[in-house]
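Please keep the structure in view while reading.

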Amino acid sequence: MTLESTRRQLLKCLGTGAAGSLLAPVLGQLAANAAGDAAANRPRVVFVMQSNGMNPNHLVPSGVTRKGNSRYGSDTESLVDLSLTGRALHEALQPLAGHQQRLTLIQNLSGRIALSDHSANHGALGCFPANKGPMAQTIDLALAAALPGVFRHVGLGLGESIGTAYSYSAAGPGQATPILCSPELAYKSLFGSVAQDAGQREFDHRTNLLDFLADDVARARSELAGEERHKLDRYLEAFESLRDRQGKIEAMREDIRRGAPQFGAKLQSTTSSVILEAQFELAAAALVTGLTNVVTLTSGEGGQRFGKFPELGIPGLHHIGHGGSFEDKTAEQCFVELRQLHTRLIAGLADRLQSVPEGNGTMLDNTLIVYLSDSGEGHHPSLYQWPVVLLGNLGGRLRAGNRYLDFPKYQVRGHRTMANLYCTLLHAVGQPRDSFGVADPGLKDFDQTGPLAELLS
């Protein structure tokens, strides 16, 4: 059966009414899947950002020795590109061993432009100064613009207080976007259309309110002219966009109902590890049900708001950042335990996506998970190196998987930056840029442009 005949059959079954038009963006995907067409390989990107630094040693597999390992990164003078075959992951990354063939461990990318005493805040995903707020679009929102979904971008996280954080993602200059730190709030936002009782009523009420507001603004528009009408049009576009999204969600209600996670009391938990687990489950459900193609998962709120894990015997992350111990656990043991918690959750997300057929493979085949810290290599970082773990290759758009890459150190020929990595991701999804964020003045005599050729297919 051809892709076109499959699409016609689906349209005939659904009819040409409101449901058919609302589902139009989804129909092409369903038809491509039914026909086994390559168009079903829709790329998705998930960022997982953990606070308090990522020790570069945690990325070094067995049989590899990094020379030097000073504050400037390793003493690598030329690119190291090794296979992970036959090598054991560091214990901190051991939960990812089941996906080792999909892993790419990247060392010695710098991000000095985002230097701060602790978190790089928006600069971690934006490659600009850490303490000047959202100066420009961050990479997650840039990818979201290239990979649109019902929800352009979903931000979920763990904060020191249950609420909303605005420290990491931005749609543009001065446009910080939210990270929902409450699983309950996130569930209602994403799956309110299939919630029971009060949740369902709230979703329906919000939809009716948007209908009323959009109609009301449209009526007011007819009374205005010129510049005032132009201003009102911006409001109307915003209301219509919200109403359109509510309509799409309503049309997808049954698909969402099947994919919505069942949490019980987990949504109201105040235990950090349980909150994180719930957020990862929500992220998986949002991806599987097709609500979004880009997710940012954070553990921490920027600045010195690292989060707390008393259930693990780690009541304060700032303390271990300065080498302090808790009871019988050294700082390093605490960091390894926290890294294992996060990598277990990443592995679980990967397992969930791998269980869902898509095209000629699974959803995981078409997904990239980017794992990093908001403060590069440490609690008080230098950002001469910014360790990154990649899981996946975006359906072959990246030459990633089963690799260990250690780039030449800072101010050595061949050195590359986080901005080059982010350019690589944009090239991979068909929105090429050769610069991202703000250039590093410490590398003014070096070419800082373009993607990482070592990663592009």
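## Two buried tyrosines

In this predicted model, the residues Tyr384 and Tyr410 are both buried. A residue is called buried when its relative accessible area is under 20%. The rings of Tyr384 and Tyr410 form an edge-to-face aromatic pair, with 4.9 Å from centre to centre and 70 degrees between the planes. This pair links distant parts of the chain, since Tyr384 belongs to the loop between strand S10 (367-373) and strand S11 (388-391), while Tyr410 belongs to the loop between strand S12 (403-406) and H13, and the two residues are 26 residues apart.

## A second aromatic pair

How many aromatic pairs does the count come to? The count comes to two, and the other edge-to-face pair is made by Tyr422 and Phe436, whose rings are 5.8 Å apart from centre to centre, with 80 degrees between their planes. Here too the pair links distant parts of the chain, with Tyr422 in helix H13 and Phe436 in the segment after H13, 14 residues apart. Both Tyr422 and Phe436 are buried.

## Helix H5 against helix H13

Two packed helices are described by the angle between their axes and by the distance between those axes. For helix H5 (residues 139-146) and helix H13 (residues 418-428), the angle is about 10 degrees and the axes are 10 Å apart. Angles under 35 degrees count as roughly parallel, and H5 and H13 are therefore roughly parallel to each other. On the side of H5 the contact is made by Ile139, Ala142 and Leu143, and on the side of H13 by Tyr422, Leu425 and Leu426. The residues of this contact divide into six nonpolar, no polar and no charged. Tyr422 thus has a place in the helix contact as well as in the aromatic pair with Phe436.

Why can H5 be described as largely enclosed by the rest of the structure? Seven of the eight residues of H5 are buried, so the helix is largely enclosed by the rest of the structure. The buried residues are Ile139, Asp140, Leu141, Ala142, Leu143, Ala144 and Ala146. They pack against strand S1 (44-50), helix H4 (123-126), strand S5 (164-170), strand S6 (176-180), strand S7 (294-299) and H13.

## Two residues with positive phi

Asn108, in the loop between strand S3 (103-107) and H4, has a phi near 75 degrees, a positive value in a residue other than glycine. Asn108 is buried, and its relative accessible area is 0%.

Leu383, in the loop between S10 and S11, also has a positive phi in a residue other than glycine, with a value near 65 degrees. Because its relative accessibility is 1%, Leu383 counts as buried. The loop between S10 and S11 therefore holds Leu383, a residue that counts as buried, and Tyr384 also lies in the loop between these strands.

## The protein as a whole

The protein has 13 helices and twelve strands, and buried residues make up 53% of its 457 residues. Among the contacts in the protein with a separation of 6 or more, 73% are accounted for by residues 24 or more positions apart.

Definitions and conventions
Residues are numbered from 1 along each chain as its sequence is written. This is a predicted model: local features need pLDDT of at least 70, side-chain atom pairs count only at pLDDT 80 or more; totals for chains, interfaces and linings use all residues. Side-chain values use heavy atoms; hydrogens and water are left out. Axes are lines fitted to C-alpha atoms, for helices over the stretch in contact, and angles run from 0 to 180 degrees between N-to-C directions. Helices (H or I, at least four residues) and strands (E, at least two) are DSSP runs, numbered from the N terminus. Angles under 35 degrees count as roughly parallel, over 145 as roughly antiparallel, 65 to 115 as roughly perpendicular and the rest as oblique. Contact means heavy atoms within 4.5 Å. Ala, Val, Leu, Ile, Met, Phe, Trp, Tyr, Cys and Pro count as nonpolar, Asp, Glu, Lys and Arg as charged, and the others, Gly among them, as polar. Rings of Phe, Tyr and Trp (its six-membered ring) pair if their centres lie within 6.5 Å; planes under 30 degrees apart count as stacked, over 60 as edge-to-face and the rest as tilted. Buried means under 20% relative accessible area, exposed over 50%, partly exposed in between (1.4 Å probe, protein chains only).
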